[in-house]
Amino acid sequence: LYGSNDFGSIAFDRFIMTMIKELQATFMNESSTIKFNLQLEPLNIDINKAIPCGLLINEIVINAIKHVFMEVEEGEIEIQLSHEYNRIKLVICDNGRSVPEDFFRKNNASLAVELISTLAEQLEANLDIDSEEGFKYILSFNE
């Protein structure tokens, strides 16, 4: 945001790249083998959408680094940002361990799930979570 000339919107693709570099510097060491695959369309997002969306990405990525890949030697986190028909689509997925089908129902009160759901509501986004093969969060919201 500080590097932006326009405080009404932000180049969200560049924002995500910068955030991932900062998270890597903060949470990962030289022996970490978590790879990031970023597929980001150049996209400006209104600052009122960028803030909750950035917090949501931050929460999901930190949870993956700290919890999903805690006991594995290698991992990958993929972030896709695209735009189609006045809708923004954000996909964040990892290839970490899968969880039981009832994980979200049993852990509904967990802070992470609650925070992610609340941020998705602020974006007025459709949120789908798939945990069959790692975690996959798919968000779709209006520009």
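A residue is called buried when its relative accessible area is under 20%, exposed when this area is over 50%, and partly exposed in between, as found with a 1.4 Å probe and with protein chains only. The structure described here is a predicted model, in which local features need pLDDT of at least 70 and side-chain atom pairs count only at pLDDT 80 or more, whereas totals for chains, interfaces and linings use all residues. Residues are numbered from 1 along each chain as its sequence is written, and side-chain values use heavy atoms, with hydrogens and water left out.

The protein chain contains four helices and seven strands, where helices (H or I, at least four residues) and strands (E, at least two) are DSSP runs numbered from the N terminus. Along the sequence these elements follow the pattern β-α-β-β-α-β-β-α-α-β-β. Of the 143 residues in the protein chain, 42% are buried. The accessible surface, computed by the Shrake-Rupley method with a 1.4 Å probe, for which only the protein chains shown count as cover when residues are considered, comes to about 8,900 Å² for the protein chain, and 47% of it belongs to carbon and sulfur atoms. When contacts (heavy atoms within 4.5 Å) between residues at least 6 apart in sequence are considered, 71% of them join residues at least 24 apart.

Asp 13 is buried yet has no salt bridge, and the nearest side chain of opposite charge, that of Arg 14, is 5.7 Å away; a salt bridge here is a side-chain nitrogen of Lys or Arg within 4 Å of a carboxyl oxygen of Asp or Glu. Not counting residues up to four places away in sequence, Asp 13 touches Leu 40, Glu 41, Pro 42, Leu 43 and Leu 81. Met 17 is also found in helix 1, and it counts as partly exposed because its relative accessible area is 35%. Beyond its neighbours within four places in sequence, Met 17 is in contact with Leu 38 and Leu 40, while its C-alpha lies 10.0 Å from that of Phe 36, a residue 19 places apart from it in sequence.

Asn 37 belongs to strand 2 (residues 34–40) and is partly exposed, because its relative accessibility is 25%. Apart from neighbours within four places in sequence, Asn 37 is in contact with Glu 76, Ile 77, Glu 78 and Ile 79. Asn 37 and Asp 94 are 57 residues apart in sequence, and their C-alpha atoms are 9.8 Å apart in space.

Most residues other than glycine have a negative phi. Tyr 85, in the loop between strand 4 (75–84) and strand 5 (87–94), has a positive phi near 50°, and its relative accessibility of 71% means that it counts as exposed. Glu 124, in the loop between helix 4 (111–122) and strand 6, likewise has a positive phi, near 55°, and counts as exposed because its relative accessibility is 65%.

On the surface, Asp 128, Asp 130, Glu 132 and Glu 133 gather in a patch of negative charge. Such patches are made of residues with over 30% relative accessible area and no salt bridge, like charges being joined within 9 Å and nonpolar side chains (Val, Leu, Ile, Met, Phe, Trp, Tyr) within 5 Å. Lys and Arg count as positive and Asp and Glu as negative, with His and the chain ends not counted, and the place of a charge is taken as NZ of Lys, CZ of Arg, CG of Asp or CD of Glu. Glu 133 has its place in the loop between strand 6 (126–130) and strand 7 (136–142), and it counts as exposed because its relative accessibility is 73%.
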